[in-house]
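Subject: Handover of a structure

Dear colleague,

Please find below the structure that I am handing over to you. My notes on it follow.

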Amino acid sequence: MPEEKLDAVIVGGGLAGLAAAYRLAEAGKQVLLLERGDAPGSKNVTGGRIYVEPLRTFLPSIIDEAPFERHVVREMITVLDEESSVQLEYAQDGWRKQPYMSYTVLRARFDQWFSEKVMEKGGFVIPNRKVDDLLWEDGRVAGVKAGGEQIGAHIVIAADGALSFMAEKAGLREPLKPANYALAIKEVHKLDEKCIEERFGLDVGEGAANLFVGALTKGMFGGGFLYTNQDTLSLGIVVGIDALMHKQPQIEAYRLMDDFKARPEVARWIRGGELKEYAAHVISEAGISGISKLYTAGMLVAGDAAGFALNMGITVRGMEFAIASGVIAAGVAVDALNKGDVSKEYLAEYEKRLRASFVLRDMETFRHSKEVLENPRLFTVYPKFLSSLFNVLFSVSGTPKKGLYKSARAVAKEYILNWEGMKDFWSLRKL
Amino acid sequence: MNIVVLAKQVPDPEAIVGIRGDGTGLEIEPKFATNLFDEFALEEALRLREKHGGKVKVITLGGGKATEVLRTGIAMGADEALLLDDPAFFDGDGYATALALSRAIQREPFDLVLCGKQATDDDRSEVGPMVAQLLNLPHVGGITKLDIADGKATAESPVEGGKAVVEVPLPAVFTAQKGLNEARVPLITGVMKAMKAQIPKVTPNELGLSTEEIGKAGSKVRIEQYLPPKKRAGVHFIPGDAGEAAAEAVRILVDEVRVI
Amino acid sequence: MERLLIFVETKGERPRKVSMELLSEGQKLRAQGYAVEAVVMGKASAALKEEVLPCVDRLVNLTDAVLQNYTAEGFALALANHARSVDPKLILAGATQVGRDFLPRVAVLLGAGIASDVTGIRWKEEPIKVIRPVHGGRALSEVSFANYPAIVTTRPNSFPMEPSGGAPGEFVEKELGISSEVRTKVVRVEEVTKGKVDVTEADVIVTGGRGLKGPENFALLEELATLLGGVVGATRSVVDAKWRDQGDQVGKSGKTVSPKLYIAVGLSGAIHHIMGMDTSKMIVAINKDSNANIFNYADYGIVGDLFEVLPAMTEDIKKRLGK
Amino acid sequence: MKIEEKIACNAIKNDKESHIKLKQDVCKNCRERFCVYACPGHLYSLSEETGEMAVEYAGCLECGTCKIACIYGSVSWEYPGGEYGVRYRYG
């Protein structure tokens with residue numbers, strides 16, 4: 001044991017860990033962040049978009065100079081049936097003006113930049129270090145063990161991602177259940193900047209986001225995404241692990257990605273691009289019911305490690321929660337250090353502050369979103385309905401056409417105007 | 001015993017290396033690592049100090065991330081570091097680099113200079129022997145064992161089919177290769193200390209060197225351009241049944257491409 | 001007349017192959033008006049003279065006692081000392097362990113530029129340009145020298161060796177009297193009994209994959225490899241199946257190799273395997289599946305049953321070697 | 001593009017030892033082979049020769065899906081040691 005303890009050790013150089021380290025360093029605390037990758041960000045994956053508005057209050061000093069990719073001005077939703085699709089596009093002049101609402105982002109670059117900011121504030125960020133275990137003292141967490149070395153600390157913040165080994169070791173997290181997680185697979189395709197702007201109809205620096213839902217997940221819970229970065233595109237799919245396991249006939253996850261890419265609605269965007277990276281990550285999908293215990297004596301859990309991720313259907317959020325929870329954890333840690341009280345009782349303050357913030361409030365509001373979104377009809381029946389409807393509207397053949405209303409009604413009757421459809425509609429009130 | 005280690009921060013072995021459009025330079029992904037062979041040199045220096053006392057000083061030449069190798073050295077346990085980061089030092093050939101480093105070494109009395117047998121970026125393998133010659137000292141290249149006693153060093157280096165054991169009086173220069181030791185992973189507390197360490201710098205002037213003698217200006221070898229490595233032409237299928245194809249393959253290997 | 005000075009490195013009584021490659025290159029240049037001199041350290045054998053003399057105008061044998069064994073100091077002093085009297089345009093040596101070790105010292109002694117581990121020389125350009133791989137071969141750099149003399153060490157197998165046939169040059173013995181200046185003492189040179197050559201160091205590797213069907217069939221590879229002076233490598237799946245030792249594994253999680261000849265037998269060419277061997281100079285693949293990925297990385301391919309092709313190759317080579 | 005080629009786009013530094021270990025006696029009794037279907041790197045396969053499950057850890061993307069999907073508890077999966085494993089350039 002080293003003679004003197006550090007103020008805080010943070011496990012994991014993702015957004016939660018870096019935000020916590022930044023705030024602790026800013027408050028003049030001696031903080032050490034250990035990251036297992038060769039640099040913060042090198043193990044981190046995001047679909048690609050961060051909403052900055054909730055963060056302005058949390059990290060006002062740095063959010064404006066962050067190396068984001070493009071600010072999103074165009075939102076698209078593509079509903080895929082097996083051989084047809086319906087695409088919806090929404091744009092708003094307001095999004096083209098500062099302050100921008102959301103940006104596309106690549107984590108390797110962003111997190112490394114963030115870690116430099118932490119070091120500028122005097123925090124220690126040390127890469128290539130895997131934390132193996134927690135250090136205990138009188139029943140409380142008192143530091144970490146890494147590579148045979150013991151690092152004592154008054155407080156440990158576990159920010160080690162969705163699989164959080166630290167939360168597990170501290171007995172704060174339930175065993176990982178397939179129903180609570182989704183697998184995200186992402187490809188990064190390189191494309192010339194100008195080409196991206198022309199292809200998506202964007203001005204310099206502007207970005208687009210395209211969500212995909214329907215046949216791509218072959219009836220499984222999930223969807224697809226496409227984000228424009230500076231000179232790359234992030235293309236991916238998300239599929240529930242439980243759904244993947246019970247899919248009949250079985251299908252390998254990587255084939256879903258290949259089939260998705262082969263769709264003309266997707267291929268058009270990445271044409272001529274060069275694959276630069278193939279990444280995968282798990283996402284917590286359980287919502288508020290999947291949140292771990294958030295603290296114990298000497299330790300706080302933040303970000304994905306705590307299960308702070310929310311699928312709201314159209315928007316999936318995790319990074320804002322990570323940063324906010326990291327900042328809140330740091331705030332509690334600073335107060336606890338100043339008071340010299342890192343007891344479980346005092347650290348309960350962390351949960352209180354989270355409940356007052358958008359983190360737990362939003363997660364509470366969308367408590368039932370998973371039940372709604374897990375409905376398999378969303379990925380089969382509704383895409384079929386939409387696509388049949390438009391088929392009726394757009395098709396002209398040799399036989400006399402029925403009135404549009406009549407045809408549309410027939411389609412609706414076939415797919416949605418039934419008891420199941422009523423139930424689905426009724427369930428929407430939960431969102 | 002005063003031990004000097006020459007070390008270099010190089011692109012990570014996994015870093016993407018591309019050639020700039022006009023061939024005038026390389027575009028290298030900004031991922032860095034300590035030159036593998038220099039790690040062995042550092043480790044050996046530390047072990048010698050642990051055994052014989054004295055101090056270990058790490059010297060490097062380069063800008064930007066080059067300092068990191070000095071911090072790695074300090075984190076591992078080196079006592080001192082010295083940085084040659086004046087742009088006039090940069091982009092030199094083996095000679096210009098060795099000249100600057102040899103002057104930096106000479107600023108203080110020393111018994112031993114250790115460095116890696118080559119850097120994994122330029123793959124030149126010149127600086128160690130050149131430093132030795134510039135200091136008019138003996139050197140032993142690519143060592144796998146080093147013992148110091150009575151002002152003499154006994155070093156082993158592999159030669160084809162065996163190994164040579166040589167003895168040199170100190171001071172002397174040794175270049176390290178794989179097999180010499182297993183480099184230690186610095187303690188986290190050591191890394192924290194190294195991150196805070198002030199790194200002294202030295203200018204060409206302080207080394208008694210003019211800017212014409214060093215770096216690109218002082219180089220005797222010029223890089224004209226960079227070229228992509230040769231690509232394989234594509235497979236040539238050898239036709240015929242098993243016997244015919246085998247015979248033709250042997251004929252090609254023996255007579256045409258003469259790899260056998 | 002411009003002169004070339006070639007350092008002849010010996011292996012036992014004979015010149016090394018890389019030295020003969022340089023002499024062969026030198027001979028071609030003689031036709032273009034270069035005078036070619038060679039220098040050899042330690043007492044030169046009759047066999048060496050016989051091989052070297054037809055390629056050169058003059059062979060100088062530096063016979064100081066201190067040069068009987070290699071030391072960087074001694075060889076550098078001797079070569080630099082001798083070179084001053086020859087005044088060559090280029091000094092050439094093989095980029096062997098020895099060549100790469102002492103020529104940088106010669107460069108300092110002569111104030112000459114040096115390019116190490118060169119794989120190509122553009123003789124016709126002025127200034128002469130040489131090509132050397134950097135970053136582990138991921139790029140090539142083309143370099144020239146600010147002045148002459150300049151020094152070049154060349155990577156073995158980079159230059160073709162053609163039979164020599166010129167009139168024998170002059171042979172001169174010379175003692176420089178440098179012995180007292182050499183401080184390095186060779187205590188002993190230990191010959192390690194010829195053990196198994198590591199795959200990373202082998203010139204020829206014959207690697208087998210799952211297509212071999214069982215560990216006993218690797219005997220087929222052993223026979224061919226031994227005949228070619230090489231060793232047997234293995235793929236990951238073969239090692240996982242415990243057919244071969246972990247130490248033989250070629251690939252990303254095994255060893256990275258770049259032999260002169262790589263024969264890939266009954267392996268599909270998983271990308272992890274490719275990453276460990278695609279810098280091999282010559283790759284020959286034998287597989288019954290013509291779509292196997294390994295063919296995308298091979299120079300020569302045979303689509304066929306390895307149990308027929310391999311023995312046929314072995315027999316054919318035996319015949320050629322007169323065994 | 002084959003899955004192996006996709007993974008080869010990534011920078012990966014492999015440890016000598018696998019960070020994924022399987023309990024073959026558990027795998028023996030498994031019918032579903034969730035790992036084979038869940039792993040986005042297609043690293044799991046049934047070895048034809050030995051009949052055992054094999055995992056090519058060298059291409060691991062470190063998502064942990066196999067750890068979650070193997071409800072029979074055969075997959076003991078840890079993060080690779082510091083400095084090893086995948087290093088995303090984009091993320």
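**A threonine in a loop**

Thr184(C) sits in the loop that links strand E12 (170-174) to strand E13 (185-191) of chain C. Helices (H or I, at least four residues) and strands (E, at least two) are runs assigned by DSSP and numbered from the N terminus. The model is predicted: local features need pLDDT of at least 70 and side-chain atom pairs count only at pLDDT 80 or more, while totals for chains, interfaces and linings use all residues. Residues are numbered from 1 along each chain as its sequence is written, chains are lettered from A and ligands numbered from 1 in the order in which they are written, and side-chain values use heavy atoms, leaving out hydrogens and water.

Is Thr184(C) buried or exposed? Thr184(C) is buried, with a relative accessible area of 8%; buried means under 20%, exposed over 50% and partly exposed in between, using a 1.4 Å probe and protein chains only. Leaving aside residues up to four places away in sequence, Thr184(C) touches Pro138(B), Val166(B), Glu167(B), Val168(B), Thr71(C) and Glu73(C), where contact means heavy atoms within 4.5 Å. With Glu73(C), the side chain of Thr184(C) also makes a polar contact of 2.4 Å. A polar contact is a pair of N or O atoms within 3.5 Å; within protein, one must be able to donate a hydrogen and the other to accept it, and residues adjacent in sequence count only if both atoms are side-chain atoms.

**Chains B and C**

Of the 5 pairs of chains in contact, B and C share the most contacts. Here 74 residues of chain B meet 75 residues of chain C. The two chains bury about 6200 Å² between them, 56% of it on carbon and sulfur atoms; buried area is the accessible area (1.4 Å probe) that two parts lose on being put together, summed over both. Gln133(B), Lys220(B) and Arg232(B) lose the most area on the chain B side, together 12% of what that side buries.

The interface of chain B and chain C holds 3 salt bridges, each a side-chain nitrogen of Lys or Arg within 4 Å of a carboxyl oxygen of Asp or Glu. Lys185(C) and Glu167(B) meet in a salt bridge, at 3.5 Å from N to O. There are also 30 residue pairs in polar contact between chain B and chain C, both residues at pLDDT 80 or more. Helix H6(B) gives the most to the chain B side, with 13 residues.

An open sheet of 6 strands runs in the order E15(B)-E18(C)-E17(C)-E16(C)-E14(C)-E15(C), with parallel pairing; two strands pair if DSSP finds at least two bridges between them. Its edge strands, E15 (236-237) of chain B and E15 (231-234) of chain C, each pair on one side only. Within the sheet, 5 bridges join E16 (261-265) of chain C to E17 (282-287) of chain C. Ala264(C) has Ala285(C) as its bridge partner in E17(C).

**Chain A**

Chain A and chain C do not touch, their nearest C-alpha atoms being 14 Å apart. Chain A does meet chain B, with 12 residues from chain A and 10 residues from chain B. About 1000 Å² is buried between chain A and chain B. The rule finds 1 salt bridge across this interface: Lys31(B) pairs with Asp38(A), the closest N and O atoms being 3.1 Å apart.

With kind regards
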